[in-house]
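Here are a few friendly notes to read alongside the model. Please keep the viewer open as you go through the points.

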Amino acid sequence: MQLKRWGFLGAVLLFSLLLAYLLRFSVPALADLERSTLDWRFSWRGAESVSESPIVLVAIDNASFEMLPERWPWPRNYYAHAVENLTAAGAKAIGIDVIFDVPDPGDSTRDEQLARIVRGKPVVLARKLERSERLSTLWQLTDPIPVLREAADPNLGLVSISADPDGIYRRYPIAMPFYNRLLNSFALEMLRVYLGISPATQPVPLEDGFRFGERFIPQFGDGGMMINYAGPRGTFPVYSMSSLLDDGRLEMGPDTLNAFNNHLLPDSVFQDKLVLIGSTVAELHDNHPTPFMNFGGITREMSGVEILANAIRTLLDQNYLYRFSGFWQFVIVLLLAALVLLLATRLPVLPAMGISFLMALLWVALAFWLFSHQALVVEMLLPVLAVSFTYVGATVYRYLETQREKRQILGAFEQYVPPRVVEELLAHPEKLTLGGEERVMTVLFSDVANFTTISESLTPRDLVNLINAYLSEMTDIILSYDGIIDKYEGDAIMAEFGAPVYYEEHAIKACGAALDMQARLKVMGRQARRKGLPVLNCRVGINTGNMIVGNMGSRQVFDYTVIGDEVNLASRLEGANKAYGTRNMISESTYLAVREHFVTRPLDALRVKGKQRPVQVYELLARIEEPLEEDFKTLLAAYQVGFRQYRNRDWQAAAESFRQCLRLRPDDGPSREYLRRVLEFAQEPPGPDWDGVFEMRTK
């Protein structure tokens, strides 16, 4: 049974994991949500300092548009002058994030001027690789015009960058294949030029990234390297292009004249710097959403040149973001889900739900911490999905298992136990211990007197009807006292009190049931006489003690029952009633538990068949609050006197006491039995070792 249960739980775990992985990697909305968690992690980490970074931006901004005399697109001599001035200011590497794919529309000599300035200097020009408009499977390379390409070669870099499916720019290509060769990205080419790496050094593709010289650059999925953004727009120092072109060779406004010489050069802002020239104005459509777009409650897109700056910083500082191993991610997800499954099947629903929620929350917190402190990107949504699905699956399984247990309990008990007990078991099935447990409880045996003679006088159908009516009445009484029917054996009934739900007053309830059974039989007897049917009388034996209770039998067929010496004793007491002419006999242990609630009288010290230790037994007569007839009170007093005289071997006095009892009630069975004994002992007294114990020779 346990193996089958764990098999079902294993199936729940496997299904939950499969569902989590299937939804996570096939539902676009969930994929977008996982990408959004990256943005949340960036925002939570916050902006990082770039004060030690060599990267400086020169912006083609609105101020430049207003102050420079030429309109966009600017003539190439602007860029030539910018490169000259930056070189003079000590810039170590210069990148122009503008594609010069058509000649200067005003004067072709300006292209030659720019080429002359660029040639031999640490200047990187932009190129782009994009899908052909005619055939989407083909890629088309757009280079600067030949004179500029030849002058800049090999310092050419791709500025092609694509957004993730949700439109956010998070990743940057290291190199892109084009006709059996790899083309360096703009950021990689800027890194090479800035560090003085030989043009012969090419990126080498590996399974999980690129090897570039002595550096390893990790790949983050198919989209290239994950950009480790330093912060939102404006994180890097930015200078307007207009402040760079003020060397007197361009027509400038009076406010900016000599600004370069008087402000920038003395501060050495470009000394040994990596300078990027690019657009920041919205009109040129080079602003894009990034993970920091909504940082600080303000929506701001980032210019392409600043995205490029963040990519270069990632490469330069080697502060890469690493994707967690898929295998170890699966192991962690499996362990989390297995732990949730274990908790959800062992703890109550609300605590299990709370712990599962806490585990998911802790995983999310760990994902944020790993990102900000270890530069490690783990799946945030997948474990949460797995934990959620596993909890739901385990809860559903637990519900179905509970329903199955309830059906099993109902099937096992609804015909034999009171409805209140059934309800208690349904609410707390754990109280039904399968396999047996030792418990102090009370067992009752009843049997119809002279049943063989009665059965011979009736037809089988009449006999069945009579027994069914008798058993129905007796069962209703037992159930009303919270007893359970263990079994029927013909006319015999075996019942337990104090199981499967334990209660302290089990002995009291068993005795109350026995008295009501006898009272009901009197009513049934009067009805039977009127109908000409046999009158039924039953004998009851009750014992209290330690016994084993539980489901016993084979794995396929079992009964809820009790076993043990105390059970056998109750059965012997039922049969012992015949020797004393009594209806209800209880053991000493039962007597001690009920003596303050019921009227009893001592019967004997019995050594029943199969037992060596004698047992003091009592007759159960009435509830203590019930009024007794005066003659019966007198009889009980005389009986007690005679019983003591019997134990003291005063045979003559005892005989007189029991004769007095029989004068009051000639049918009093115990008085008849003791009168017989004392008369025999008066003739043949027992030996000096007589202990007053009467040994039963039959069951």
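Which residues are buried in helix 20?

1. This is a predicted model, where local features need pLDDT of at least 70, side-chain atom pairs count only at pLDDT 80 or more, and totals for chains, interfaces and linings use all residues. Residues are numbered from 1 along each chain as its sequence is written, and side-chain values use heavy atoms, leaving out hydrogens and water.

2. In helix 20, the buried residues are Phe-632, Leu-635, Leu-636, Ala-638, Tyr-639, Gly-642, Phe-643, Gln-645 and Tyr-646. Buried means under 20% relative accessible area with a 1.4 Å probe, protein chains only. Their cover includes strand 25 (598-607), strand 26 (615-623), helix 21 (651-664) and helix 22 (669-683). Helices (H or I, at least four residues) and strands (E, at least two) are DSSP runs, numbered from the N terminus.

3. After helix 20 comes Arg-649, with a positive phi near 65°.

4. Tyr-320 sits in the loop between helix 10 (304-317) and strand 17 (322-323), and is buried at a relative accessible area of 2%. Leaving aside residues up to four places away in sequence, Tyr-320 touches Phe-216, Ile-217, Pro-218, Met-225, Thr-314, Leu-315 and Ala-375; contact means heavy atoms within 4.5 Å. The C-alpha atoms of Tyr-320 and Asn-228 are separated by 6.5 Å, although the two are 92 residues apart along the chain.

5. Asn-584 belongs to strand 24 (residues 584-587) and is buried, with a relative accessible area of 4%. Beyond residues up to four places away in sequence, Asn-584 touches several residues, including Val-540, Asn-577 and Tyr-618.

Methods:
Buried means under 20% relative accessible area, exposed over 50%, partly exposed in between (1.4 Å probe, protein chains only).
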